[in-house]
Amino acid sequence: MHSIISRLNNGSALLSSCMMTLLALIALSSFVFTADPKGDLSINSVKVYPANARRYPHKKQDMAFVNFNISADLTPLFNWNTKQLFLYLQAEYPNPKGGSNEVVIWDRIVRRKEDANIQVVAKNKYMFREISHKFKNIPPAYYSLKYNIMPYVGVLTYGEAARTNDSVEFPPVQPRVS
């Protein structure tokens, strides 16, 4: 005869196997739901001002301030396995050394399908500065609204909801108004 501990072990092994199978099916079902959300992104203005560096207060560097409009319907991205969306506005521009710079200047977390219709008129949330400390002779930037779908179970999915059609130039440095 089997002891009670042996029966409990067999029962818990069966339950954990069923649970892992169910979670694997949920994760695989996320690949069935594909959505291609579309939105509009427009850059109203870009201004560049001189500022003090954070770590070195006597060292000057340029800071860019971007005013933008976002209009996007992201409700198709929500299904029964979507926990939340992470949205972010990214500036992409080549640097003079041949690499590519990608800077996140705004973000938002959307937790409910009811909040997934995005209408935002704002400016950058995070500091936008160039590693060379100057925006002079920096090529123009493209801006894109990207998202990250965070499921309850499964892999993270990335995508792009909107993008500027034309690149946006960095203007010359403007003097700060006291």
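Trainee: What relative accessibility does His133 have?
Mentor: His133 has 24%, so it counts as partly exposed. Buried means under 20% relative accessible area, exposed over 50%, and partly exposed lies in between (1.4 Å probe, protein chains only).

Trainee: What am I looking at?
Mentor: This is a predicted model, where local features need pLDDT of at least 70, side-chain atom pairs count only at pLDDT 80 or more, and totals for chains, interfaces and linings use all residues. Residues are numbered from 1 along each chain as its sequence is written, and side-chain values use heavy atoms, leaving out hydrogens and water.

Trainee: Back to His133. Where does it lie?
Mentor: In the loop between β6 (128-129) and β7. Strands (E, at least two residues) and helices (H or I, at least four) are DSSP runs, numbered from the N terminus.

Trainee: What is the phi of His133?
Mentor: About 75 degrees, a positive value, although His133 is not a glycine. Most residues other than glycine have a negative phi.

Trainee: And Asn137, what is its phi?
Mentor: Near 65 degrees, which is positive, and Asn137 is not a glycine either. Asn137 lies in the loop between β6 and β7.

Trainee: Is Asn137 buried or exposed?
Mentor: Exposed, at 68% relative accessibility.

Trainee: Which residues touch the most others in the largest nonpolar core?
Mentor: Leu74, Phe128, Tyr143 and Phe170, out of 36 residues in that core. The elements giving two or more residues to this core are β1 (39-52), β2 (60-73), β3 (82-94), β4 (100-110), β5 (117-123), β7 (142-151) and β8 (157-163). Such a core is a set of buried Ala, Val, Leu, Ile, Met, Phe, Trp, Tyr and Cys residues joined through side-chain atoms within 4.5 Å.

Trainee: What does Leu74 touch?
Mentor: Pro37, Leu85, Leu87, Ala116, Ile118 and Ala161, leaving out residues up to four places away in sequence. Contact means heavy atoms within 4.5 Å.

Trainee: How much of the chain is buried?
Mentor: Buried residues make up 35% of the 178 residues.

Trainee: What about overall dimensions?
Mentor: The C-alpha atoms fill a box of roughly 85 × 35 × 35 Å along the principal axes.

Trainee: Last one. How many positive and negative side chains are there?
Mentor: 21 positive and 13 negative. Lys and Arg count as positive, Asp and Glu as negative; His and the chain ends are not counted.

Methods:
Charge placed at Lys NZ, Arg CZ, Asp CG, Glu CD.
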